[in-house]
Amino acid sequence: MTAMAHEPYPSQDVLLEGFLALRTPEGFRAELIDGEIIVSPPPGGHHERAISRIVRQVMRNSPAEMDFSGNRGLVLPSGGRCPKNHVIPDGVFAPAELDLFADEAAYMRPGGLALVVEVTSSRPDNDREAKRHCYARGAIPLYLLVDRERETVTLFCEPVGDDYTESHAGVFGKAIELPAPFSFTLDTEDLA
């Protein structure tokens, strides 16, 4: 039996070039996470409903005026458990006074963001692990994960290196305290 030669894996630069040149079908989104290109179909109704409920609560209850962007791409710093990554979170919040979302670029740097939101869908482990490490490495202060399969909501806080040092979790229905600049109690009853 003859051993077959395998092509070497492409370098990170070649992978990034291929990713940036990728054309996804309308409604689909592509992300580069942990050196893997992931193409996801459009989200379903329960997924979008959860995001809508969070956005509505933030806009009504946060004492700080916030801007929201859904599906805005982020370029996150590489290193540690977060190699070169271009990630598209379900949503991000930033203080309105910073006007971070005016840039036309498809991907932005995370500086100034206050909170990133993910609602699990077809690849929940990416939201639970890979994206968490990348958001922490990008120094995004708060990461809110709505895990539909586990029926939990987790708020990750205090990023250090490529992880968060604090987390507060509860089952759907248990309120989660959002710290400043949000400073209100998030109702999780309707996130299922």
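Phenylalanine 93 and phenylalanine 182 are both buried in this predicted model. Their rings form an edge-to-face aromatic pair, with 6.1 Å from centre to centre and 80 degrees between the planes. Phenylalanine 93 belongs to strand 6 (residues 91–95), while phenylalanine 182 sits in the loop between strand 12 (176–178) and strand 13 (184–186), so that the pair links distant parts of the chain, 89 residues apart.

**Aromatic pairs**

- The whole structure contains six aromatic pairs.
- Tyrosine 143 and phenylalanine 156 are stacked, because their ring centres are 5.5 Å apart and their planes stand at 20 degrees.
- This pair ties together parts 13 residues apart in sequence, since tyrosine 143 lies in strand 9 and phenylalanine 156 in strand 10 (residues 152–160).
- Both tyrosine 143 and phenylalanine 156 are buried.
- A cluster of Tyr135, Tyr143, Phe156 and Tyr164 is linked by ring pairs.

- Six strands make up an open sheet in the order 3-6-8-9-10-11, and their pairing is mixed.
- Strand 3 (66–69) and strand 11 (163–171) are at the edges with a single partner strand each, so one side of each has no neighbour in the sheet.
- On average, neighbouring strands of this sheet are turned by 20 degrees against each other, direction ignored.
- Strand 8 (residues 115–119) runs parallel to strand 9 (residues 142–147), and five bridges join them.
- Leucine 115 has leucine 142 of strand 9 opposite.

**Salt bridges**

- The count of salt bridges is ten.
- Arginine 49 and aspartate 190 form one of them, with their closest N and O atoms 3.1 Å apart.
- Arginine 49 is in helix 2 (residues 45–61) and aspartate 190 in the segment after strand 13, so this pair ties together parts 141 residues apart in sequence.
- Arginine 49 is partly exposed at 28% relative accessibility, and aspartate 190 is partly exposed at 36%.
- Lysine 131 forms a salt bridge with glutamate 118, where the closest N and O atoms are 3.1 Å apart.
- That pair connects helix 3 (residues 124–137), which holds lysine 131, to strand 8, which holds glutamate 118, across 13 residues of sequence.
- Lysine 131 and glutamate 118 are both buried.
- Aspartate 125 forms a salt bridge with arginine 128, the closest N and O atoms being 3.0 Å apart.
- Aspartate 125 and arginine 128 are three residues apart in helix 3, so about one helical turn separates them.
- Aspartate 125 is exposed, with a relative accessible area of 51%, whereas arginine 128 is buried at 11%.
- Salt bridges with shared partners join Asp125, Arg128, Asp147, Glu149 and Arg150 into one network.

Note on methods. Residues numbered from 1 in each chain as written. Predicted model: local features only at pLDDT ≥ 70, side-chain atom pairs only at ≥ 80, totals over all residues. Heavy atoms only, no water. Pairing = 2+ DSSP bridges. Helix = DSSP H or I, 4+ residues; strand = E, 2+ residues; numbered from the N terminus. Axes fitted to C-alpha atoms, helices over the stretch in contact; angles between N-to-C directions. Phe/Tyr/Trp six-rings, centres within 6.5 Å; stacked < 30°, edge-to-face > 60°. Buried < 20%, exposed > 50% of the residue type's maximum accessible area, 1.4 Å probe, protein only. Salt bridge = Lys/Arg side-chain N within 4 Å of Asp/Glu carboxyl O.
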